[in-house]
Amino acid sequence: MTLEAYYNNKLVENGMWHGQAVEVIKLAKTDMPELKDRWNDDISGYPKEFLSVTWFAIKRYALQWIDKNLPSAFYRQMFV
C-alpha cells in the first residue's frame, strides 16, 4: 500500500467520504514538499513512528478542509 492510499484510508476510517479524503490528500500534497516524491512509496519502507507523526500533519489538513467546506461535519472531532 502506498503512503497516499494509507492516509486516504485513514481519512475514510475517521468518517470522511472517499472523495473528501482525496481532496484532503491533494491539499497535503501541495503543502508538504518533504513528501513530494514519496506519496507513491510503499508504507512497508517506513517505520510506524513516521506514519504516526505524518498522520498528525494529515489531520491538520483534514481540519482545514472541513472548516472550509463542511464545518458542521459529524466527523470533525475525529481530526482535532
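Reader: Against which helices do the buried residues of H2 pack?

Author: In this predicted model, the buried residues of H2 pack against H1 and H3. Those residues are Gln20, Ala21, Val24, Ile25 and Ala28.

Reader: What puts the buried residues of H2 on the same side of the helix?

Author: The buried residues Gln20, Ala21, Val24, Ile25 and Ala28 cover an arc of only 140° around the axis, and therefore they lie on the same side of H2. A general rule applies here: an α-helix has 3.6 residues a turn, so residues three or four places apart point the same way.

Reader: Why is Ala28 called buried?

Author: The term buried requires a relative accessible area under 20%. Ala28 has a relative accessible area of 0%, and therefore it is buried. The place of Ala28 is in helix H2.

Reader: With which residues is Ala28 in contact, leaving aside its neighbours within four places in sequence?

Author: With those neighbours left aside, Ala28 is in contact with Trp39, Ile58 and Tyr61. Ala28 and Arg60 are 32 residues apart in sequence, while their C-alpha atoms are 9.1 Å apart in space.

Reader: How do you know that the span of H2 is close to the expected one?

Author: H2 has 14 residues, and the distance from its first C-alpha to its last is 20 Å. At 1.5 Å a residue, the expected value is 20 Å, to which the span of H2 is close.

Reader: What describes the packing of H2 and H3?

Author: Two packed helices are described by the angle between their axes and the distance between the axes. For H2 and H3, the angle is about 115° and the axes are 9 Å apart. Their crossing is right-handed. Residues of H2 including Val24, Leu27 and Ala28 meet residues of H3, among them Ile58, Tyr61 and Trp65.

Reader: What does Ile58 contact, leaving aside its neighbours within four places in sequence?

Author: Apart from those neighbours, Ile58 is in contact with Tyr7, Leu11, Val24, Ala28, Met32 and Trp39. Tyr7 and Leu11 are among the buried residues of H1, and the buried residues of H1 pack against H2 and H3.

How values were computed
Residues are numbered from 1 along each chain as its sequence is written. This is a predicted model: local features need pLDDT of at least 70, side-chain atom pairs count only at pLDDT 80 or more; totals for chains, interfaces and linings use all residues. Side-chain values use heavy atoms; hydrogens and water are left out. Contact means heavy atoms within 4.5 Å. Helices (H or I, at least four residues) and strands (E, at least two) are DSSP runs, numbered from the N terminus. The expected span of a helix is 1.5 Å times one less than its number of residues. Buried means under 20% relative accessible area, exposed over 50%, partly exposed in between (1.4 Å probe, protein chains only). The arc is that of the directions from the helix axis to the C-beta atoms. Axes are lines fitted to C-alpha atoms, for helices over the stretch in contact, and angles run from 0 to 180 degrees between N-to-C directions. A crossing is left-handed if the near helix is turned anticlockwise from the far one by less than a right angle, and right-handed if clockwise.
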